[in-house]
Amino acid sequence: MAVPPVHPSLSISSSNTPEMQIQTILNRHFAAVPKGVPAGCKMVIMQEGKPGVELIGGNIPGIAPQHWGSVSKQFTAACILKLVNSGYMKFDDDIRTLCRDLPEFKFNGVLQEITVDHLLHMRSGLPEVWSLALMAAEDAEKLTNKQMLDLLAQHPGMIYPPGSEEMYCNTNYYLLAKIVEDVAKKNHLLREDQTFVDFVREQIFIPHDMQARCSTDKTSLAIIDGFDSKYNRCTTQTPGYGATGVVGLPSDMISWNAALASGEFRALFEPPKDVPDRPIYCRGLIIDDIDEFHRIRHGGALQGFVAIYRRYEHIDPKKTFAFFLATNYNDIPKAEKIADEVAEVLAGKKMESSEKIEE
């Protein structure tokens with residue numbers, strides 16, 4: 001379904017009814033933020049044919065770079081797509097042919113072939129490195145990619161054969177970041193001293209006029225403080241990337257949403273051909289149908305932050321809309337509730353379906 005892009009610009013909230021209704025929603029949900037605590041949310045609303053609109057809830061600072069958590073995964077997938085489209089690799093490549101230093105992954109003692117698409121579609125069967133970190137008494141949010149992959153090398157056993165099931169697993173996207181690094185260096189797209197952090201900045205963020213960066217990027221904006229549900233500061237400074245790690249302004253998602261809408265990254269939400277059920281995890285994005293809308297989305301959370309991106313495509317482009325919610329208040333149910341209420345305002349109707357945000 002071809003949907004023209006939302007105009008990649010930003011305006012301040014006007015008095016139109018949907019905006020006022022959404023502002024009322026944000027005011028209600030953040031009315032309890034204590035005075036003097038800089039917690040709340042920023043939301044960018046993108047409707048076809050209109051400039052982007054930014055709304056604020058609570059006491060969040062005017063300039064509010066935040067961690068996007070697992071919303072980061074779509075940008076990792078976009079890096080892979082760049083390499084595939086340039087002929088440097090294929091979606092069905094065995095990951096151990098791309099990264100020779102990976103361990104042998106076995107299921108019931110039998111060596112398995114895991115493809116790039118198995119990782120992208122969350123169908124690899126690999127164990128969750130965040131769980132491995134927990135068992136090692138480590139905080140996954142504080143581990144580097146190398147530490148994550150070292151944990152995986154110590155536990156290369158698989159949960160199911162590749163392609164047979166879908167299981168949300170951060171391991172897949174840490175591995176994808178390594179694949180980007182290895183393939184890019186082999187083809188002289190990165191220097192030996194560079195990493196995925198440099199590739200995603202130069203190949204995705206800058207070309208799409210985004211200030212977003214990985215948090216370890218020296219050019220990254222300094223994030224605002226995050227807060228837990230009792231308004232205690234709990235800001236995460238994660239060194240990881242690929243599965244999480246992107247820091248940005250909500251307004252960055254205007255140009256990214258336009259790129260998705262234009263079809264430039266349409267392959268990111270193509271489902272596996274042998275999986276008819278929905279919702280489906282695709283290449284960094286989740287797709288499903290809700291009423292007459294085709295929904296493309298991802299949420300994310302790190303300690304102190306929650307982010308939700310949703311795009312609702314309609315056969316009538318004038319009814320297509322998207323929004324991005326970023327809050328520095330660690331209350332996932334609240335963020336999900338806000339997103340559901342905002343979707344109903346923009347759709348002009350009651351819709352079911354709260355999403356479960358994965359970290």
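Reader: Let's say buried means under 20% relative accessible area, exposed over 50%, and partly exposed in between (1.4 Å probe, protein chains only). Which side chain of opposite charge is nearest to K73, then?

Author: That's E128, at 7.2 Å. K73 is buried but has no salt bridge, where a salt bridge is a side-chain nitrogen of Lys or Arg within 4 Å of a carboxyl oxygen of Asp or Glu. For charge, Lys and Arg count as positive and Asp and Glu as negative, with His and the chain ends not counted. One caveat: this is a predicted model, where local features need pLDDT of at least 70 and side-chain atom pairs count only at pLDDT 80 or more, while totals for chains, interfaces and linings use all residues. Residues are numbered from 1 along each chain as its sequence is written, and side-chain values use heavy atoms, leaving out hydrogens and water.

Reader: OK, so what does the side chain of K73 make a polar contact with?

Author: The side chain of S70, at 2.8 Å. A polar contact here is a pair of N or O atoms within 3.5 Å; within protein, one must be able to donate a hydrogen and the other to accept it, and residues adjacent in sequence count only if both atoms are side-chain atoms. K73 itself belongs to helix 2 (residues 73-85). Helices (H or I, at least four residues) and strands (E, at least two) are DSSP runs, numbered from the N terminus.

Reader: How many salt bridges in total?

Author: The count is 23. One network of them links D198, R201, E202 and D217.

Reader: Within that, where do D217 and R201 sit?

Author: D217 is in the loop between strand 7 (213-214) and strand 8 (246-248), and R201 is in helix 8 (residues 196-205), 16 residues away. Their side chains meet at 2.7 Å, N to O. D217 has a relative accessible area of 6%, which means it is buried, and R201 is buried too, at 12%.

Reader: And E341 with K337, how many residues apart?

Author: Four, about one turn of helix 10 (residues 332-347), where both lie. E341 is buried at 14%, whereas K337 is partly exposed at 46%.

Reader: Switching topic: which residues have the most contacts inside the largest nonpolar core?

Author: W68, F75, I80, I179, W256 and L268, in a core of 81 residues. A nonpolar core is a set of buried Ala, Val, Leu, Ile, Met, Phe, Trp, Tyr and Cys residues joined through side-chain atoms within 4.5 Å. Helix 7 (residues 171-186) contributes the most, with nine residues.

Reader: What does I179 touch?

Author: Leaving out residues up to four places away in sequence, I179 touches I80, M89, I95, L98, C99, V116, L119 and A184; contact means heavy atoms within 4.5 Å. There's also a second, separate core of 34 residues, with C41, I290, A339 and M351 among them.

Reader: What do the buried residues of helix 6 pack against?

Author: Helix 5 (129-135) and helix 7. In helix 6 (residues 145-154), the buried ones are N145, M148, L149, L151 and L152. Viewed down the axis, they fall within an arc of 150 degrees, so they line one face of the helix; the arc is that of the directions from the helix axis to the C-beta atoms. On the other side of helix 6, K146 and Q154 are exposed.
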